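Please read it alongside the sequence and the structure shown here.

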Amino acid sequence: MEKNNNEIKQRICCYSKEFDVDLDYQETLEPYNDEMLKILRSSVSNSIVNFEYNNGALTVHGKTKINITYFNNSDKGISSAEFDEDFEKTINIEADENSHFDIRLCTKYNNARIINPTRVDIHNSFSVSVKIYSDKQCCSVTPKDNLLIKEKRVNCISYISSANVKSEFDDEASIPAESPAINRVVNSFSNAVEEEVKIVENKMLVRAKIIISILYLTDNNSFERFERVIAVNSILDMQGIAEDDVAFTDLTVSGLYIKPKADKNNEYRSFEIIGELLVNSAVYRETELIIPVDAYSADKNSEPVFDTMELFSDYAIANDTVTEKFSLKTDKQKISEVLDISASMSVNNSVEIAAFVADENSVNLISSRNKTDLNGYDEISVSIISSDYVIISEDEIEVRVNLAYKALKYNKNSFNIVNDVRITDGEAVQSPALTVYFADAGEEIWDIAKKFRTSEELIKKENDITKDKIDSKKILIIPGM
């Protein structure tokens, strides 16, 4: 039969895998840094600069920013140092040159050890998540002449595009007038929270707030905490996205650099804050497809010809908040004061809790990584919108974390789609003008119509039926076409 077809197009994930990367660096302090006595905290952030795919090799170029907080040799006080490193990871993958890549980094852990007072060894462990999407399409037959088609409506979701962008920010923030002047920055925690995502044709605007907590030592040799909220807007160019699409974003603060700034009286009473917000986003589109699942000719002997296509169907999008409680314990030190505390998202949607605590004699960092119930999704965005804590004993802190998340779960199902109807006998066949049929319970009107080469609509109208199946045994009048 001469084809009269529509095209069904979807972008489907055909490859998904994580690759572990372990890197070691040896860093030397700058001359202006105090020599190291003991490391208190090391933190690492990894970001993608760009990637390229050639002849079966995917090469990811990235940057690592390292910060260490340590007790120094000069006055046994706390100092900090920053380092930058570039990295490159090549992965052998077979992909089509027209494939769409979604590549993300996830820091797993890091540690640092002192080699000598001016040199430190840092281990950086992270994963590279690679998803490859391909454009799939097939033809579906459409009504023509005496061709009758059974159609099924399928709700599905299709990947459209992904992108990552770095948005630089800088700010200056003054401490309260009554506070003692700043001596040195001890540590900083940061958390990025999504405020709004707006999509227009081919572009996405992400509004975020970055909450920065600064722990510093004053001229009076006391610890103070200072918090600053910075608004950052990011624009992502994403070809093919549209207003009603669904976006999933991942926000990470990277390369945070904070230093005291002197005023006109040469007192350090403000902070200069410089950093980057890394925005990773994936965009999906909800669609309703009308798929022909069977077809026949009303006037000739025929059989349908099928094509097979996989679709992301049976999907659900969850958009909710959840509160989790975690415990943070010390080994030996008694907690007399919490100087600063942070909750941040970590690998596999776990929550990393870190706190600087003090007793009568020392300051230490305690931390823990805690599982959440936000796993098992195909795509997810998670933000920590707030957190608080209470000291419940001399060695334990209870931390309550409020999480906002948007999550997508789908099944990849295979559908048989009619793309043609083959005529098996060219002789015209007349359907009977009127026939009596004894129908059994559970029979489908479509199957009965196909048997007599008539249409569902005519059978339903003639017998005053509205359903697609027969409820109970019934005598039907079958009209001809």
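How many salt bridges does the count come to? Taking a salt bridge as a side-chain nitrogen of Lys or Arg within 4 Å of a carboxyl oxygen of Asp or Glu, the count comes to 26 salt bridges.

## Basis of the model

This is a predicted model, in which local features need pLDDT of at least 70 and side-chain atom pairs count only at pLDDT 80 or more, while totals for chains, interfaces and linings use all residues. Residues are numbered from 1 along each chain as its sequence is written, and side-chain values use heavy atoms, with hydrogens and water left out.

One of the salt bridges joins the side chains of D20 and K108, at 3.2 Å from N to O. Because D20 belongs to strand β1 (residues 5–28) and K108 to strand β5 (residues 100–116), this pair ties together parts that are 88 residues apart in sequence; strands, like helices, are DSSP runs numbered from the N terminus (strands E, at least two residues; helices H or I, at least four). D20 is partly exposed at 47% relative accessibility, and K108 is also partly exposed, at 22%, where buried means under 20% relative accessible area, exposed over 50% and partly exposed in between (1.4 Å probe, protein chains only).

E444 and K150 form another salt bridge, with their closest N and O atoms 2.7 Å apart. Since E444 lies in the loop between β19 (434–439) and α1 (445–452), and K150 in strand β7 (residues 147–174), the pair ties together parts that are 294 residues apart in sequence. A salt bridge of 2.4 Å, N to O, is formed by the side chains of R422 and E303; R422 is in strand β18 (residues 396–428) and E303 in strand β13 (residues 300–329), so parts 119 residues apart in sequence are tied together.

## A buried serine

S234, in strand β10 (residues 223–237), counts as buried because its relative accessibility is 0%. Its side chain makes a polar contact of 2.6 Å with that of S167, a polar contact being a pair of N or O atoms within 3.5 Å; within protein, one must be able to donate a hydrogen and the other to accept it, and residues adjacent in sequence count only if both atoms are side-chain atoms. Leaving aside neighbours within four places in sequence, the residues in contact with S234 (heavy atoms within 4.5 Å) include V165, M204, L205 and V279.
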